[in-house]
Amino acid sequence: MSPVVPDKIIYEHPLNERVRTLLRLEYLFHEVAYHAPRNEIWASRAAIAGLLDMTSIFSRADIKADLIKELKRHQDKLQGIDMIQGVDTERLQQILGELQKIMMDIHNLTGQIGQSLRNNEFLKSIMQRSSIPGGNCTFDLPLYHYWLEQPHELRQTQLQEWISTLKPVESAVTLILSLIRGSTRPTNEQAESGFFQRNLDSQSPAQLIRVGLPRELGLFAEISGGKHRFSVRFMEVSERERPSQTKEDISFFLNCCIL
């Protein structure tokens, strides 16, 4: 990954649907990993909600094929730079080995990713009520209420069993995003009157835009873009009104991640 820039907030914007899905899965894996080990019933609820969100993503797309294709793409790209002078060949071979192992782990997953979770009657009953506001209330799902009242150790064991079925996916998502984020070094850019725009090379399509903004500025970055160009607007926060674009010139760090 790119070096962490101290005292900066990083804003990311995906430039294609594949990276958008990877970022959402990464977010959900982090959410589940945070809540699952905690004792509180509400933490177990949050971990279950994250798992169900992931299974919903898996049901809408062929994530297995997409991950294998993306891992192979990175493998081919990295194999092509093996002979370039100055490349750390030891580190390169280590990454290629990781790619190959994770690719095999994804290949070895039986059926569609998340199928066992979708077929689980307990999780299915929770998912069916999740679209209703407050639908997971105790009187709606007495079995869920019963499970939540069990000792933490029992809930933890069950959660880890469900999470373990997705470990190869988590490893793939983590490695792919790490390679994308680490593919370029940040540059220092200037946004005149809070606005920045740049054209992109369609022959070397960018995957992800990353903007690093000093915390003390009290601004946030609003990024939009596609295959040909992207723009960044730096917005002032207001308690009573809608955010508005700042009129100040803003210095920020930018990564156009291409790999």
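**Exercises: a pocket and a sheet**

The largest pocket is lined by 15 residues, with L78, I81, I95, L179 and G182 lying nearest its centre. The model is predicted: local features need pLDDT of at least 70, side-chain atom pairs count only at pLDDT 80 or more, and totals for chains, interfaces and linings use all residues. Residues are numbered from 1 along each chain as its sequence is written, and side-chain values use heavy atoms, without hydrogens and water.

**Exercise 1.** State the volume of the largest pocket and describe its lining.

*Solution.*
- A pocket is an open set of points on a 1 Å grid over the protein atoms alone, where a 1.4 Å probe fits, with protein on both sides within 12 Å along at least five of seven lines; lining residues have an atom within 4 Å of a point.
- The volume, the space filled by probe spheres set on the points, is about 410 Å³.
- The lining divides into nine nonpolar, three polar and three charged residues; Gly counts as polar.
- α4 (89–107) and α9 (167–181) each supply at least two lining residues, and α4 gives the largest share, four.

**Exercise 2.** Find the edge strands of the open sheet of four strands.

*Solution.*
- Strands are DSSP runs (E, at least two residues), and two of them pair if DSSP finds at least two bridges between them.
- The order is β1-β4-β8-β2, with antiparallel pairing.
- β1 (8–14) and β2 (187–191) each have a single partner strand, so these two stand at the edges, with one side of each left without a neighbour in the sheet.
- β2 pairs with β8 (residues 250–257) over five bridges, and Q190 stands opposite S251 in β8.
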